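Visitor: I'd like to go through this model with you. Can you put it up?

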Amino acid sequence: IMISSKYKNLQQDSRIPDTDILEAFSVKIECKDENDSYNNGTGTIFSDGVYYYIITAAHSIQYDKTANHFDPKDIKAFLPHKQDVNINVLDVLMFDLSDGVDFALLKANLQSNVRLRYDYYNDFGIVGEDNFGQNLCVYGYTEAYKDGNLFLVHRVSSDRYSIDEGITASGKDFGHTMKGSSGGGVHVVYDNRMYCVGVVKGRDT
């Protein structure tokens with residue numbers, strides 16, 4: 001397969017994100033209502049310069065296996081390693097559970113009592129196609145890693161990634177290790193900016 005010089009530069013000059021920036025952009029999502037219906041996952045927060053948004057998997061905020069999502073007031077998003085940052089989910093702008101999509105976009109408000117190290121607008125970008133293929137990772141808040149963990153991944157096809165830690169989708173430890181990572185971004189750093197090239201949707205995608 002021929003790779004253009006542009007793509008070669010992307011791969012050679014990219015790097016795995018530092019844990020600090022992953023902890024700043026990766027939110028833990030917990031949904032719970034008065035009936036004790038519960039769901040959880042991971043998401044990525046960013047800004048367009050005016051508002052804040054969170055991207056995640058639709059099934060991470062799905063209400064009780066229905067076709068609906070939790071009420072925004074029952075969706076809690078927070079940064080476990082940034083205690084001075086408060087996030088309020090204001091609205092669910094996109095929610096698509098259909099096969100091959102499984103995507104949600106939330107509108108949020110972020111307030112901080114301290115000066116933030118990262119700029120949620122200028123230090124983050126989203127790309128529609130992964131031309132990196134390497135130096136990629138997923139950060140997720142899972143049953144095994146409740147405070148978050150970085151999982152190295154590599155692309156195996158256009159919409160599939162494999163975890164480098166030797167965890168397979170059919171393995172018995174997969175659920176315990178990875179449950180809760182749904183909605184987490186597939187990230188890479190290039191030119192001092194972190195990019196999201198995909199979102200975790202399930203065992204294979």
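Visitor: Salt bridges, to begin with. What does Asp 20 form with Arg 117, and how far apart are the closest N and O atoms?

Guide: This is a predicted model. In it, Asp 20 and Arg 117 form a salt bridge, and their closest N and O atoms are 2.8 Å apart.

Visitor: Where do the two partners sit in the chain?

Guide: Asp 20 is in helix 2, while Arg 117 is in the loop between strand 6 and strand 7. They are 97 residues apart, and the pair links distant parts of the chain.

Visitor: And is Arg 117 buried or exposed?

Guide: Arg 117 is exposed, with a relative accessible area of 67%. Asp 20 has 25%, so it counts as partly exposed.

Visitor: Which residues are linked with them in a network of salt bridges?

Guide: Lys 82 is linked with Asp 20 and Arg 117 in that network.

Visitor: How many salt bridges does the whole structure have?

Guide: A search of the whole structure gives 6. One of the others joins Arg 15 to Asp 18, with 3.7 Å between the closest N and O atoms. Arg 15 is partly exposed at 35% relative accessible area, and Asp 18 is partly exposed at 43%. Lys 32 and Asp 36 also meet through their side chains in a salt bridge, at 3.9 Å from N to O. Here Asp 36 is exposed at 53%, whereas Lys 32 is partly exposed at 48%.

Visitor: Different topic. How many aromatic pairs are there?

Guide: The structure holds 11. One of them is Phe 25 with Tyr 120: the ring centres are 4.6 Å apart and the planes are at 45 degrees, so the pair is tilted.

Visitor: Where are those two in the chain?

Guide: Phe 25 belongs to helix 2, residues 19-25, and Tyr 120 to the loop between strand 6 and strand 7. The pair spans 95 residues and links distant parts of the chain.

Visitor: Are Phe 25 and Tyr 120 buried or exposed?

Guide: Both Phe 25 and Tyr 120 are buried. They also belong to one aromatic cluster, together with Phe 46, Tyr 52, Tyr 53, Tyr 118 and Phe 124.

Visitor: What lies over the face of Tyr 51?

Guide: Lys 107 does, at 3.9 Å from the ring centre.

Visitor: Now Lys 28. Buried or exposed?

Guide: Lys 28 counts as buried, because its relative accessibility is 16% and the cut-off for buried is under 20%. Its place is in strand 1, residues 26-32.

Visitor: What does the side chain of Lys 28 reach?

Guide: The side chain of Lys 28 reaches the backbone oxygen of Lys 146, at 3.1 Å.

Visitor: What else does Lys 28 touch?

Guide: Not counting residues up to four places away in sequence, Lys 28 touches Gly 41, Lys 76, Ala 77, Phe 78, Pro 80, Tyr 141 and Lys 146.

Visitor: You listed Pro 80. Where does Pro 80 lie?

Guide: Pro 80 lies in the loop between strand 4 (75-78) and strand 5 (85-96). Its relative accessible area is 19%, so Pro 80 is buried. Neighbours within four places aside, Pro 80 is in contact with Lys 28 and Tyr 141. The C-alpha atoms of Pro 80 and Ala 24 are separated by 9.1 Å, although the two are 56 residues apart along the chain.

Visitor: On to the core. How many residues are in the largest nonpolar core?

Guide: The largest nonpolar core has 38 residues, and Ile 54, Ile 75 and Ile 87 are those with the most contacts inside it. Strand 6, residues 103-112, provides the largest share of this core, 5 residues.

Visitor: Which residues is Ile 54 in contact with, leaving aside its neighbours in sequence?

Guide: Among them are Val 27, Ile 29, Ile 45, Ala 77, Ile 87, Leu 105 and Leu 106.

Visitor: What does the second, separate core include?

Guide: That core has 14 residues, including Leu 10, Phe 132, Val 138 and Met 178.

Visitor: Last one: what does the secondary structure of the chain come to?

Guide: The chain has 3 helices and 12 strands. Of its 205 residues, 45% count as buried.

Conventions
Residues numbered from 1 in each chain as written. Predicted model: local features only at pLDDT ≥ 70, side-chain atom pairs only at ≥ 80, totals over all residues. Heavy atoms only, no water. Core = buried A, V, L, I, M, F, W, Y, C linked by side-chain atoms within 4.5 Å. Buried < 20%, exposed > 50% of the residue type's maximum accessible area, 1.4 Å probe, protein only. Helix = DSSP H or I, 4+ residues; strand = E, 2+ residues; numbered from the N terminus. Contact = heavy atoms within 4.5 Å. Polar contact = N/O pair within 3.5 Å; in protein donor to acceptor, adjacent residues only side chain to side chain. Phe/Tyr/Trp six-rings, centres within 6.5 Å; stacked < 30°, edge-to-face > 60°. Lys NZ or Arg CZ within 6 Å of the ring centre and 35° of its normal. Salt bridge = Lys/Arg side-chain N within 4 Å of Asp/Glu carboxyl O.
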